[in-house]
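Subject: Structure handover

Hello,

Please find the structure below. My notes on it follow.

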Amino acid sequence: MKIQQNYLKQKSHHVFSMFICFLFFSATQAQKKRIVKEAIPLDSIRLSDPAILADKKTKLYYMTGTGGLLWRSKDLKSWSGPYDIVKTDPNSWMGPNPMIWAAELHFYKNKYYDFATFTSKGKIIDKVGDNNIERRASHILVSDKADGPYVPMKDEIYLPAAKPTLDGTFWVDKDGKPYMIYCYEWLQNGNGTIEKIELKPDLSGSVGEGKLLFKASESPWSREKDANGNDKPNKVTDGPYLFKTGTGRLGMIWTSWIYDVYTQGVAYSKSGTLDGPWIQEKEPITPPNFGHGMLFQTFDGKWLMSVHSHKKVDGKTVRIPKLFEVDLSGDQLVVVKPYIP
């Protein structure tokens with residue numbers, strides 16, 4: 001029971017930290033002009049869920065994440081920012097100042113898309129145990145430029161209002177159709193899932209209903225303690241991201257927990273499509289305390305993984321972006337070593 005309480009405390013602290021980031025973001029949004037800094041080292045930036053777009057048009061790297069702000073770099077070493085890039089509709093379900101989690105940028109058919117999780121604070125859609133479930137959903141904004149502004153498209157919602165979803169990402173499957181892959185949150189269903197939903201050709205809305213890909217409990221490596229202190233599968237799914245190996249094998253990195261340690265694993269699709277079945281690798285793919293990863297290729301062709309880690313600074317938990325070199329040339333993703341820009 002004590003371990004379970006510690007786990008819930010850790011998760012609550014995770015949400016609280018994101019809330020503090022949101023408060024900072026909301027307060028600074030009200031300012032007429034944000035203070036932008038130059039020549040910031042990557043490890044000096046505090047950012048959860050860092051996602052990097054290598055934009056071939058501008059030959060710049062654009063990094064975003066939780067908070068929805070943007071940093072720019074020519075070399076991954078020295079960054080400028082943060083910049084405001086998100087323009088949501090205050091009259092939508094998100095409200096005037098939504099929390100923004102796990103934003104990531106994608107270039108598709110000559111447009112730039114911001115996949116992000118938005119939470120309408122105080123709008124309760126459900127209550128499970130002692131937890132009030134807030135209105136939260138993965139959503140997509142669009143821009144003509146990598147550095148925005150990113151604005152809403154046609155459809156007001158992509159996923160059901162009564163279903164808390166997060167960490168949406170993008171993939172075009174073998175059928176040529178675009179999809180959003182996202183997490184259905186464990187806070188409501190008790191066993192977090194990763195699901196897919198088809199998108200309209202211009203990504204302006206969704207088509208049909210979501211479909212289950214796999215559940216958190218299918219992972220052989222993630223675990224937590226039950227009320228009696230026995231091991232059981234962890235309930236959290238977090239940060240899915242799709243990729244293909246050099247042999248064409250479809251894979252997905254995703255994150256959960258091993259007790260109180262944030263950890264990332266990988267699964268591979270047996271069919272080579274999003275429908276799977278998804279076979280989970282037995283061991284985690286990154287060192288402990290690194291997770292919510294994504295993959296991108298540098299302008300000189302090197303594959304990198306962007307993740308964040310946690311550490312305590314003056315008693316507070318901070319999250320720091322980190323890069324790893326990866327090898328995709330074979331049949332599986334191999335994390336090689338930390339990458340120092």
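Both Phe-115 and Phe-170 are buried (under 20% relative accessible area with a 1.4 Å probe, protein chains only). Before the rest, the ground rules: this is a predicted model, where local features need pLDDT of at least 70, side-chain atom pairs count only at pLDDT 80 or more, and totals for chains, interfaces and linings use all residues. Residues are numbered from 1 along each chain as its sequence is written, and side-chain values use heavy atoms, with hydrogens and water left out.

Aromatic rings

The whole structure holds eleven aromatic pairs (rings of Phe, Tyr and Trp, the last by its six-membered ring, with centres within 6.5 Å; planes under 30 degrees apart count as stacked, over 60 as edge-to-face and the rest as tilted). One of them is the tilted pair of Phe-115 and Phe-170, at 5.4 Å centre to centre with 40° between the planes. This pair links distant parts of the chain, Phe-115 being in strand β7 and Phe-170 in strand β9 (residues 165-172), 55 residues apart. Strands here are DSSP runs (E, at least two residues), numbered from the N terminus. Elsewhere, Phe-214, Trp-221, Trp-254 and Trp-278 make up one aromatic cluster.

The sheet with β7

Strand β7 (residues 111-128) pairs with β6 in the antiparallel sense over eight bridges (DSSP must find at least two bridges for strands to pair). Tyr-108 has Lys-111 in β7 as its bridge partner. The open sheet has three strands in the order β6-β7-β8, with antiparallel pairing. β6 (99-108) and β8 (131-143) each have a single partner strand, so one side of each is left without a neighbour in the sheet.

Regards

Terms used: Helix = DSSP H or I, 4+ residues; strand = E, 2+ residues; numbered from the N terminus. Buried < 20%, exposed > 50% of the residue type's maximum accessible area, 1.4 Å probe, protein only.
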